[in-house]
Amino acid sequence: QVQLVESGGGLVQPGGSLILSCVVRGSFHNIYEMGWYRRAPGKQRDSVAWITYGGSANYVDSVKGRFTISMDKAKNTVHLQMNDLKPEDTAVYYCKGDIGDYVKYRSDYWGQGTQVTVSS
């Protein structure tokens, strides 16, 4: 069974920085792609950034130049470095993994979510 465990959320002032981390645990044979999504209060869950196992990264326009996604393959972990945070970045952030396991062959797995609040 595959589990994604997030950490690193919290309260930060506008202009501040946070690093989110997501580790993939359990029995799997491949990580194809990892991504971060967020759900702001009263809104749907939207993509933020995603990265392939080969290292190709993409971002939504609203975070380009401020957020950086990276993958530590040795630790099966993906990070989201968030700089120059704005109040509109306030949301619950979710990690998603496109994982090859031994039950479903290949499937999407989600973390439990971590709250990021940007406020003075």
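**Close-up legends for the predicted model**

The lining of the largest pocket splits into 5 charged, 3 nonpolar and 2 polar residues. Here, Ala, Val, Leu, Ile, Met, Phe, Trp, Tyr, Cys and Pro count as nonpolar, Asp, Glu, Lys and Arg as charged, and the others, Gly among them, as polar. All views below come from a predicted model, where local features need pLDDT of at least 70 and side-chain atom pairs count only at pLDDT 80 or more, while totals for chains, interfaces and linings use all residues. Residues are numbered from 1 along each chain as its sequence is written, and side-chain values use heavy atoms, with hydrogens and water left out.

**View 1. The largest pocket has a volume of about 150 Å³.** Its lining is made up of R38, R39, A40, P41, K43, Q44, D46, E88, T90 and A91. Grid points are joined across faces, edges and corners, and the volume is the space filled by probe spheres set on the points.

**View 2. Four strands make an open antiparallel sheet, in the order β1-β3-β8-β7.** β1 (2-7) and β7 (67-72) sit at the edges with a single partner strand each, so one side of each has no neighbour in the sheet. Neighbouring strands are turned by 15 degrees against each other on average, direction ignored; the axes behind that are lines fitted to C-alpha atoms (for helices over the stretch in contact), and angles run from 0 to 180 degrees between N-to-C directions. Strands are DSSP runs of E, at least two residues, and helices are runs of H or I, at least four, numbered from the N terminus. Two strands pair if DSSP finds at least two bridges between them.

**View 3. β3 is bridged to both β1 and β8.** β1 and β3 run antiparallel and are joined by 6 bridges, with Q3 partnered by R25. β3 (residues 18-26) also pairs in the antiparallel sense with β8 (residues 77-82), over 6 bridges, and S21 stands opposite H79 there. On β1, V2, L4 and E6 make up the covered face, while Q3, V5 and S7 are on the uncovered one.

**View 4. C22 and C95 are linked by a disulfide, S to S 2.1 Å.** C22 belongs to β3 and C95 to β9 (residues 91-101), so the pair ties together parts that are 73 residues apart in sequence. The link is left-handed, with -80 degrees about the S-S bond. A search of the whole structure turns up 1 disulfide (a pair of cysteine sulfur atoms within 2.5 Å). C22 and C95 are both buried; buried means under 20% relative accessible area, exposed over 50%, and partly exposed in between (1.4 Å probe, protein chains only).

**View 5. β11 pairs with β2 and with β9.** The pairing with β2 (residues 10-12) is parallel, over 3 bridges, and puts G10 opposite V116. The pairing with β9 is antiparallel, over 3 bridges, and puts A91 opposite V116. On β11 (residues 114-118), T114, V116 and V118 form the covered face, while Q115 and T117 form the uncovered one.

**View 6. V92 is found in β9.** V92 is partly exposed because its relative accessibility is 21%. The C-alpha atoms of V92 and P41 are separated by 8.4 Å, although the two are 51 residues apart along the chain.

Terms used
On a 1 Å grid over the protein atoms alone, a cavity is a set of points where a 1.4 Å probe fits but cannot get out, and a pocket is an open set with protein on both sides within 12 Å along at least five of seven lines; lining residues have an atom within 4 Å of a point.
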